[in-house]
Amino acid sequence: MRLSPYFKLTEGGDSVFNVEAVKIKFGFGAIREVGAEARAFGMKRAAIYTDKNVAELEPVAIAVDALKKEGIDAAIYAEVEVEPTDRSFKASAEFAREGKFDGFISVGGGSVMDTCKAANLYATYPAEFIDYVNAPIGKAKPVPGPLKPHIACPTTFGTASECTGIAIFDFLEMKAKTGIVSPLLRADLGILDPNSLKTLPPLVRAANGFDVFSHACESFTARPFTQRPAPPDPTQRPLSQGANPYSDIACIEAIRMIGNNLVQAVNDPQDHNYEALMFAGMLAGIGFGNAGCHLPHAMSYAVAGQVKDYRAPGWEQDHAMVPHGIAVIVNSPAVFELTGAACPDRHIAAARSFGSEISDVDENEAGSLLGRRVIDLMKATGIPNGLTGVGYTEEDLENLTDGASPQKRLIDNAPLPVGREQLKDLFKKALAYW
Ligand SMILES: [Fe+2]
């Protein structure tokens, strides 16, 4: 592969990459078109998945109205849990099974879209819950075939769940985040309407913006696909296939758009900022859906899963929670400091796209250049100062490391091998940045 020296062929490494594209409809007012699209998929009886908060907002009302106009019978399931669990996945699948729907529409954030994918899967191909769940926690059985049509309408941005074949949940008895992954889980159409972002509080915009940046930057600096062993069965190439020429294009542009828009989008948002955030989220989704994230996301599962009493303004205050974008970005500067050595050019290119104006950079400084730019934008948008900012101390390092270690799919996608001690050291460096 000569598209970039980064994709130099290796002995036993893959020489082919997949381009998995999802159909997207994008623009102000786009959600009004969900009825006509559902009709085009042949839906006559659709399930609308949402959560109890989004159920009260305009996008759900618009979607219901649009379906009605097309004569489509719609049943609303508003019981989706934010940060879903195996319990809530199972309940949502039960609703799907009993309703005998011929199509699914999700209106909400990543939790809603992920839950809808799982409900569609278990209703279409009933199985023991553990069967489709990622190994080593589950049996990782392949999804048997195509699911019923699913139109995903995100009311937030960042998760890019509308672009990916991933459904993430908390496995309650194991206190671990895991998921179900298959290209067949992807929605058939994503409808992205920037109007939906106008009700998001400032810190939600900041956290989700950093999630977008992280998807893009981790995918861009991931292990090249040519260094991942070639799959024995070419139809089973993993979604986390590593950095590749296709995802690169989407990622570098997403990083640039977030760099240009995030501070204003948090502090004084205009229509063009909402549009940029949503578009960047889509680009990063295409990027990480085809390449895969690495260490900051691997670490984030422990940071979110072991939360003590942190509550973030803008989210529900009835329980402690580290929102996903925050749980990710608090790790990133420490990670880039380490990974910079593996692919310095890529870290420098990412830092420049993100707005770093330093011209002469020593290769040894590549990782910290990117890390410093991330820290500057964290400060400018009110993100907590590292792990201590969300309630962790030195005494938690061991448990955090234990919590992140099982995230093998993500850890293996880093541009260099990372063992347990290094992982612990990353958590230590992520304790505070300023
Ligand atoms: Fe993420």
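The model is predicted, so to speak of local features we need pLDDT of at least 70, side-chain atom pairs count only at pLDDT 80 or more, and totals for chains, interfaces and linings use all residues. Residue numbers start from 1 along each chain as its sequence is written.

Let me start with strand β8, residues 189-192. Strands here are DSSP runs of E, at least two residues, numbered from the N terminus. L189 and I191 point one way from β8, and G190 and L192 point the other way. In a regular strand, side chains alternate between the two faces of the sheet. All four of these β8 residues are buried, that is, 20 or more other C-beta atoms, placed from the backbone, lie within 10 Å of the residue's own.

Next, the partners. Two strands pair if DSSP finds at least two bridges between them. Strand β1, residues 24-26, pairs with β8 in the parallel sense over three bridges, and I24 stands opposite G190. Strand β5, residues 150-154, also runs parallel to β8, with two bridges; there I151 has L189 as its bridge partner.

Now the domains. An automatic or database assignment sets the bounds: domain 1 is 24-197 and domain 2 is 203-429. Their centres, taken over C-alpha atoms, are 25 Å apart.

Definitions and conventions: A residue is buried if 20 or more other C-beta atoms lie within 10 Å of its own, exposed if 12 or fewer, and partly exposed in between; C-beta atoms are placed from the backbone. Helices (H or I, at least four residues) and strands (E, at least two) are DSSP runs, numbered from the N terminus.
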